[in-house]
Amino acid sequence: MYLQREFEKAGVDEVTLQPFKLDINTFCGKMQMWADDKKLRAGVDFSMREYSPGIHGEFPVYHVDTLNYDAERMFADLAKSEYANCLVACEFWFTYKHRKDFSRLQKAGECNNAGLIYTWEAPIKAASKQEQSDARTCSAEREQARPLVKFFKAYGEKVVDKPIIWVTPEAIKGVQRVKADVDNKFLKDYECFNVIAKVAGERHDSCYVFTAHYDHLGNLGKKVFYAGANDNASGTAAIVTLAAYYAKHRPPYDMYFIAFSGEDANLRGSNYYVKHPIVPLSQIKYLFNIDMIGDNSPVQYCEVSDEGMRGYSLFEKINAEKHHFKALHRGDLAANSDHYPFATRHVPCIFLENEKGDAFQYYHTIFDTYKTVRFDSYEPVFRLVRDFVEQY
């Protein structure tokens, strides 16, 4: 595979493919939607909840009154013939606050609605006219910036009873009827690979580990593709260049470079690895998980495991002395990337993500491409990691 060849070209001593399987829901077929006869754009105006089944047909829309919400009245309305087989539209965080009510709307036999439409007022604007014209999916559609819907895969290991569609608030506001033609395909035991490269050190009783995930979101229909330039081609490229560096500068300890698959499917690759490590986790001196560093923020975001805190003061000291970044911002440890399965098993680790730069708004959208990715943070991350390894 491509990454295997790139690690080999970097001069590593060996490359291993670690296979594992996952169940995943996909949307690679029909992907069309109309709101009151206005055609919506997949990946811009709408996307599918990752565990949604397909949906085909035309449906009335029931808009939930969130200002004067009354669950009994809502269910009484939905029992009326005029809302038979309707799509219930509501702001996502409101449904989250009232999830007991809305979970009924997701289950077959609980209510006669056909599915749900979630809106989310995300703090994101679509790419500029020029960037839209450069994107394959929007080459004929140049318009003013507008809110942009995101797509996720984290809980795609199942398919629920009724379809759930993410739609921008503007696309569904006041809409009376929706027509949809969306296919899904559930893949059982789909085979993926973690790609593991090694540079042998002078001693083999301990090691450093550098990780990134090379998977992303794939397709939304036949024409919309999520390239994932920042998330996470940027991190994957970083660990390949770190591998090339250590192949030329033989380290005192073994160095492992792991490109995980299945991160966007709820950390499936890294969870598999920690259960089947090729070296004992107790031998890891420190692990660096590099995810979404294709940006230009002068402040570098970090998450550190409990055991990793014993090295974080050195990390801060190096940055203060060499001014790699204007500042480091340490956030709370969260299950948001591949460091987390290691952190819960007491491995000293740090997660590096460059947030709030110009590219950050595009992650999990179709505009996360080489046109919007930024390269400012790459060299500071590389040097900060390299300097830490030399001194730790």
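This is a predicted model: local features need pLDDT of at least 70, side-chain atom pairs count only at pLDDT 80 or more; totals for chains, interfaces and linings use all residues.

Start with helix H9, residues 309-322, and helix H11, residues 378-391. The two pack with their axes 10 Å apart, at an angle of about 125 degrees. On the H9 side, the contact is made by Gly311, Leu314, Phe315, Ile318, Asn319 and Lys322, which meet Leu384, Asp387, Phe388 and Gln391 of H11. By type, the residues of this contact divide into five nonpolar, three polar and two charged.

Gln391 belongs to H11 and touches Leu314 and Ile318, leaving out residues up to four places away in sequence. Gln391 and Ile318 are 73 residues apart along the chain, and their C-alpha atoms are separated by 9.1 Å. With a relative accessible area of 41%, Gln391 is partly exposed.

The other glutamine, Gln18, lies in strand S1, which spans residues 14-26. Is Gln18 buried or exposed? Its relative accessible area is 9%, so Gln18 is buried, the cut-off for buried being under 20%. Apart from neighbours within four places in sequence, Gln18 is in contact with Cys192, Phe193, Asn194, Ile196, Tyr272, Tyr273 and His276. With His276 there is also a polar contact: the side chain of Gln18 reaches the backbone oxygen of that residue at 2.9 Å.

Definitions and conventions
Residues are numbered from 1 along each chain as its sequence is written. Side-chain values use heavy atoms; hydrogens and water are left out. Axes are lines fitted to C-alpha atoms, for helices over the stretch in contact, and angles run from 0 to 180 degrees between N-to-C directions. Helices (H or I, at least four residues) and strands (E, at least two) are DSSP runs, numbered from the N terminus. Contact means heavy atoms within 4.5 Å. Ala, Val, Leu, Ile, Met, Phe, Trp, Tyr, Cys and Pro count as nonpolar, Asp, Glu, Lys and Arg as charged, and the others, Gly among them, as polar. Buried means under 20% relative accessible area, exposed over 50%, partly exposed in between (1.4 Å probe, protein chains only). A polar contact is a pair of N or O atoms within 3.5 Å; within protein, one must be able to donate a hydrogen and the other to accept it, and residues adjacent in sequence count only if both atoms are side-chain atoms.
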